[in-house]
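This report describes one protein model for a reader who has not seen it before. Please look over the sequence and the structure first, then read on.

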Amino acid sequence: MIKQVGNTEIQLQHKATCHCGAVELEIDLPDGIVDPRHCDCSICRRKGAIVASVLLSGIKIIKGKESLTLYQFNTNTAKHYFCAICGIYTYHQRRSNPHLYGYNVGCLEGVNPYLIPNIKTYDGVNHPADRVI
């Protein structure tokens, strides 16, 4: 649980925005930023975001729903949302746990995610949903 990043205290409901400000979210973070990580799957390698997760009920679109664009690929399970104006990845419904959203920690107002030490990289190349049982 990360309750502060640099000089920014993580709020219980923390504002998050895309780069241009067209999209504004409210993210429920009662435990702060939990389990921030990178992923090395094909899309995460390219977007380079530090991601953490919340329940589906934990993200509220305050402004700009019409500016969000959906991108899906491969199994079309995960739903990746980007601002159609500035292109910033804001959040996605996770494939490995569709009851959670992953959100871009860099979109949290006042948070520089590169100040968070010891960010883990998850193995998205060998995704559990791709294993044949």
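D35 counts as partly exposed, since its relative accessibility is 28%. The model is predicted, and in it D35 has a phi near 55°, a positive value in a residue other than glycine. D35 sits in the loop between β4 and β5, the latter spanning 37-39.

N76 also has a phi near 55°, again positive in a residue that is not glycine. Its place is the loop that runs between β8 (68-71) and β9. With a relative accessible area of 45%, N76 is partly exposed. As background, most residues other than glycine have a negative phi.

## Overall build

The protein contains 1 helix and 12 strands. Along the sequence the order is β-β-β-β-β-α-β-β-β-β-β-β-β. The radius of gyration is 14 Å, close to the 14 Å that the globule rule gives for 133 residues, so the protein is as compact as a globular protein of that length.

Taken along the principal axes, the C-alpha atoms fill a box of roughly 45 × 35 × 25 Å. Of the 133 residues, 41% are buried.

## Nonpolar cores

The largest nonpolar core is made of 25 residues. Those with the most contacts inside this core are I27, I33, I59, Y91, Y103, V105 and L108. Two or more residues of the core come from each of β4 (24-28), β6 (51-55), β9 (79-83) and β11 (100-104). Another core lies apart from the largest one and has 7 residues, among them I43, A49, V51 and Y89.

Which residues does Y91 contact, leaving aside its neighbours within four places in sequence? The list is L25, I59, I61, L68, K79, H80, Y81, Y101, G102 and Y103. Two of these partners, I59 and Y103, are named with Y91 among the residues with the most contacts inside the largest core.

## The second largest pocket

The second largest pocket holds about 150 Å³ of space. Its lining consists of 14 residues, and K47, A49, I88, N104 and G106 are the ones that lie nearest the centre. By type, the lining residues divide into 8 nonpolar, 5 polar and 1 charged.

How values were computed: Residues numbered from 1 in each chain as written. Predicted model: local features only at pLDDT ≥ 70, side-chain atom pairs only at ≥ 80, totals over all residues. Heavy atoms only, no water. Core = buried A, V, L, I, M, F, W, Y, C linked by side-chain atoms within 4.5 Å. Buried < 20%, exposed > 50% of the residue type's maximum accessible area, 1.4 Å probe, protein only. Helix = DSSP H or I, 4+ residues; strand = E, 2+ residues; numbered from the N terminus. Contact = heavy atoms within 4.5 Å. 1 Å grid on protein atoms, 1.4 Å probe; cavity = no way out; pocket = protein on both sides within 12 Å on 5 of 7 lines; lining within 4 Å. Points joined across faces, edges and corners; volume = space filled by probe spheres on them. Nonpolar A, V, L, I, M, F, W, Y, C, P; charged D, E, K, R; others polar. Rg over C-alpha atoms; globule rule 2.2 N^0.38 Å.
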